[in-house]
Structures are given as structure tokens and as C-alpha cells.
Amino acid sequence: MTRNRSKWNHPVSALCIGLGVGAVLGILFAPKAGEETRDDIVDTVNDGVEEVRARATKAARSARKFANQTREHVEDAVEAGTEAYRESLRSTS
């Protein structure tokens with residue numbers, strides 16, 4: 001069991017050290033101030049939200065159009081069925 005533990009600790013330790021070093025270097029060499037970076041993140045998120053809203057609106061519009069077309073087809077089918085039924089009654093009388 002001890003051998004497996006040492007094999008497991010080495011990669012995990014290396015990953016943690018690498019993440020820590022990467023975070024420190026990222027902060028030290030960041031091209032923008034923290035406030036600018038936060039503003040950029042907020043702008044990106046807002047753009048994403050607007051895109052999702054636009055796509056949702058478009059999808060809702062398409063769904064309404066599809067529902068209306070389906071309703072029209074069903075009404076036409078009901079009308080044709082009713083007419084065929086009436087015609088069959090006339091022909092048998």
C-alpha cells in the first residue's frame with residue numbers, strides 16, 4: 001500500500017505545484033489591472049447572456065410558428081375527415 005501512495009502523491013504534488021506557479025506567474029505578468037480584467041469578464045458574460053436570450057427568443061418564435069402550422073394541418077385534416085364522413089353518409093343513403 002505504501003508504494004501506491006508514493007506513486008499517487010508525486011503526480012498530485014507536481015500538479016498542485018504547477019498550478020500554484022502558473023497562478024503566481026499569471027498574476028505577475030497579467031497585461032491588465034484586476035479591475036480591467038473583471039470588467040472584461042463582466043462584459044463577456046453579459047454578451048453571452050444576450051446571445052442566449054436572442055437564441056431563446058428565436059427558438060420560441062420558431063416553436064410558435066411550428067405549433068401554428070401543426071394546428072392548421074390538424075384543422076385541415078379534421079375538416080377533410082368530416083367532409084369524407086359526410087360524403088360517405090350521402091353515398092350510402
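**Note on charged side chains in a predicted model**

1. Glu35, Glu36, Asp39, Asp43 and Asp47 form a negative surface patch. Patch members have over 30% relative accessible area and no salt bridge, and like charges are joined within 9 Å; Asp and Glu count as negative, with the charge placed at CG of Asp or CD of Glu. Areas come from the Shrake-Rupley method with a 1.4 Å probe.

2. This is a predicted model, in which local features need pLDDT of at least 70, side-chain atom pairs count only at pLDDT 80 or more, and totals for chains, interfaces and linings use all residues. Residues are numbered from 1 along each chain as its sequence is written, and side-chain values use heavy atoms, with hydrogens and water left out.

3. Asp43 sits in helix H2, residues 34-92 (a DSSP run of H or I, at least four residues, numbered from the N terminus). Asp43 is partly exposed at 44% relative accessible area (buried is under 20%, exposed over 50%, partly exposed in between).

4. The whole structure holds four salt bridges (a side-chain nitrogen of Lys or Arg within 4 Å of a carboxyl oxygen of Asp or Glu). One of them joins Arg53 and Glu50 at 3.1 Å, N to O. These two residues are three apart in helix H2, about one helical turn. Arg53 is exposed at 51%, while Glu50 is partly exposed at 46%.

5. Glu83, Glu87 and Arg90 make up a salt-bridge network. Arg90 meets Glu87 at 3.1 Å and Glu83 at 3.9 Å. Glu83 is partly exposed at 40%, as is Glu87 at 43%.

Technical notes: Patches are made of residues with over 30% relative accessible area and no salt bridge: like charges are joined within 9 Å, nonpolar side chains (Val, Leu, Ile, Met, Phe, Trp, Tyr) within 5 Å. Buried means under 20% relative accessible area, exposed over 50%, partly exposed in between (1.4 Å probe, protein chains only).
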